[in-house]
Amino acid sequence: MISIDSALCRGCGLCVKTCAQQALFLENKKAFCKDSCTLCGICVDACPFHALSLPQKTAKEDLSAYCGIWVVAQCDQGRLLPVTLELLGKARQLADQKQVPLSAVLLSNQAETLARELIFSGADQVLLLSHSSLAAEDEELTFRLLAEEIERRKPEIVLFGATAFGRSVAPRLAARLRTGLTADCTQLEIDKEQGLLLQTRPAFGGNLMATIATPYARPQMATVRAGIFPTPKRDTSRTGTQVLLPFPTKKKPGLHVLETQIQAENSSLPSAQLLVVAGKGIGTKKNMKLVHRFAQLVGAQVGVSRPLVEAGWSDYRYQIGQTGVTVHPKILLSLGVSGAIQHLAGISGAETIIAVNTDPHAPIFQVADYKVQADCIATLESLIQRYESQK
Ligand SMILES: Cc1cc2nc3c(=O)[nH]c(=O)nc-3n(C[C@H](O)[C@H](O)[C@H](O)COP(=O)(O)OP(=O)(O)OC[C@H]3O[C@@H](n4cnc5c(N)ncnc54)[C@H](O)[C@@H]3O)c2cc1C
């Protein structure tokens with residue numbers, strides 16, 4: 001609850017007016033606060049007499065005991081997921097900046113082979129649990145193991161890939177450890193003054209980027225989607241240590257996996273070099289055929305903006321943007337896409353963007369290298385004609 005210094009309060013009522021929760025009230029010309037206060041702090045700024053203040057937050061334990069960065073590795077059919085390597089590359093930079101060791105945690109029935117790969121990609125140490133009976137993604141076991149090891153070894157930062165697995169384990173872990181978790185970060189940095197992990201992610205429907213820190217609890221935890229950070233160069237001269245972890249203490253599992261269904265193949269858009277992206281401006285579902293025809297002629301892959309997925313013109317796997325895939329093509333041809341911030345979040349890694357749009361003020365033109373103010377279907381048709389005549 002907000003603190004009110006009654007000696008300073010003049011009973012002006014400004015704080016009462018600003019409180020969206022209606023948690024403040026006046027009695028005998030003094031402000032009082034109810035339990036419904038959410039500590040948003042708006043009233044603190046509104047009070048001209050500095051009578052209101054937020055309670056001082058203090059850490060519940062000695063945070064200086066926490067040191068090092070962990071990346072929770074993930075593999076599929078004996079191969080490390082690209083997001084694990086991307087995270088290691090970024091975490092290496094953060095660890096160098098903080099001058100702390102970087103560890104990868106790996107649970108696998110082939111852990112020893114993969115551990116070397118993790119070291120080649122930047123890990124100083126691999127904490128591994130290797131057992132022939134281990135399933136590739138045993139969430140319950142990973143959760144128990146990580147909870148015990150984090151409590152024992154106290155890493156300062158723990159990073160997960162924002163995969164279905166990471167999205168399932170990381171929040172449970174954060175709740176168990178009573179710490180914060182920022183999901184789907186698009187940037188990770190170290191704050192120069194306090195050395196905190198600054199976790200940036202889209203907020204308020206993607207309309208602004210929020211930078212979140214976890215100053216009063218440890219570890220600082222974040223998930224990052226695939227394709228956000230570049231894959232680090234594999235350096236086979238790197239050396240590191242491997243530490244075998246004990247099996248977590250036996251507890252009755254809270255979660256039983258009854259059945260696993262293999263999902264249809266994931267989109268290969270993140271690694272595409274040439275990309276044609278269709279937006280609502282293509283007009284009709286039928287025009288998707290033209291988009292695919294042109295993509296086929298130039299050897300490109302096809303991505304779409306969200307409205308096309310919502311309209312059933314394309315599959316979600318091909319959606320590009322904040323809630324879809326992040327891409328890094330050499331050339332991206334954008335057809336009838338307005339360039340909403342949520343879409344741009346997925347294409348900022350493109351080397352060259354060519355945008356075709358009828359609206360000269362379309363936001364896509366602000367990020368495009370080549371701006372074509374034209375009808376995208378007419379443009380497509382003439383491109384197809386030209387390429388076909390060259391065959
Ligand atoms: C939480 C959240 C997450 C989201 N995530 C995503 C996401 O991951 N990916 C995504 O794409 N969107 C996402 N969106 C939706 C996003 O805000 C936009 O609504 C969407 O990107 C718009 O798609 P669009 O540009 O294809 O369509 P529109 O906004 O309808 O734009 C169509 C464009 O085509 C142009 N045009 C029209 N006719 C022609 C023509 N004949 N030739 C050339 N140009 C023409 C118009 O000038 C216009 O610029 C998200 C929204 C929210 C709130």
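Guide: What follows is a conversation about the fold, the ligand site and some individual residues.

Visitor: Before we start, where do these values come from?
Guide: This is a predicted model, in which local features need pLDDT of at least 70, side-chain atom pairs count only at pLDDT 80 or more, and totals for chains, interfaces and linings use all residues. Residues are numbered from 1 along each chain as its sequence is written, and side-chain values use heavy atoms, with hydrogens and water left out.

Visitor: How many helices and strands does the protein have?
Guide: The protein has eleven helices and 21 strands.

Visitor: Which domains is the protein divided into?
Guide: They are domain 1 (3–53), domain 2 (63–244) and domain 3 (269–390). These bounds come from an automatic or database domain assignment. The C-alpha centres of domain 1 and domain 3 lie 52 Å apart.

Visitor: Let us turn to the ligand. Which residues come nearest?
Guide: K280, S305, T323, S338 and Q342 come nearest, out of 25 residues around the ligand. A residue is near a molecule or strand if one of its heavy atoms lies within 4 Å of it.

Visitor: What kinds of residue make up that shell?
Guide: The shell divides into six nonpolar, 15 polar and four charged residues. In this scheme Ala, Val, Leu, Ile, Met, Phe, Trp, Tyr, Cys and Pro count as nonpolar, Asp, Glu, Lys and Arg as charged, and the others, Gly among them, as polar.

Visitor: Which atom of I320 lies 2.8 Å from the ligand?
Guide: A backbone N or O atom of I320 lies at that distance from a nitrogen atom of the ligand. A polar contact is a pair of N or O atoms within 3.5 Å; within protein, one must be able to donate a hydrogen and the other to accept it, and residues adjacent in sequence count only if both atoms are side-chain atoms.

Visitor: What about the side chains of H343 and N357?
Guide: An N or O atom in the side chain of H343 is 2.9 Å from an oxygen atom of the ligand. For N357, a polar side-chain atom lies 2.8 Å from an oxygen atom of the ligand. The protein covers 73% of the 980 Å² of accessible area that the ligand has on its own. Such areas come from the Shrake-Rupley method with a 1.4 Å probe, and for residues only the protein chains shown count as cover.

Visitor: Which elements give two or more residues to the shell?
Guide: Those elements are α8 (306–310) and α9 (341–347).

Visitor: A change of topic: how many aromatic pairs are there?
Guide: The structure holds two aromatic pairs. Rings of Phe, Tyr and Trp (its six-membered ring) pair if their centres lie within 6.5 Å; planes under 30 degrees apart count as stacked, over 60 as edge-to-face and the rest as tilted. F25 and F32 form a stacked pair, because their ring centres are 5.8 Å apart and their planes stand at 25°. F25 is partly exposed at 28% relative accessible area, and F32 is partly exposed at 38%.

Visitor: And how are F294 and Y387 arranged?
Guide: Their ring centres are 5.7 Å apart with the planes at 75°, so the pair is edge-to-face. The pair links distant parts of the chain, with F294 in helix α7 (residues 288–298) and Y387 in helix α11 (residues 376–390), 93 residues apart. F294 is buried at 6% relative accessibility, whereas Y387 is partly exposed at 33%.

Visitor: What about the backbone: which peptide bond is cis, with omega near -5°?
Guide: That is the bond from R218 to P219. P219 sits in the loop between β14 (208–212) and β15 (220–224).

Visitor: Is phi of K29 positive or negative?
Guide: Phi of K29 is positive, near 60°, in a residue other than glycine. K29 lies in the loop between β2 (24–27) and β3 (30–33) and is exposed, with a relative accessible area of 66%.

Conventions:
Helices (H or I, at least four residues) and strands (E, at least two) are DSSP runs, numbered from the N terminus. Buried means under 20% relative accessible area, exposed over 50%, partly exposed in between (1.4 Å probe, protein chains only).
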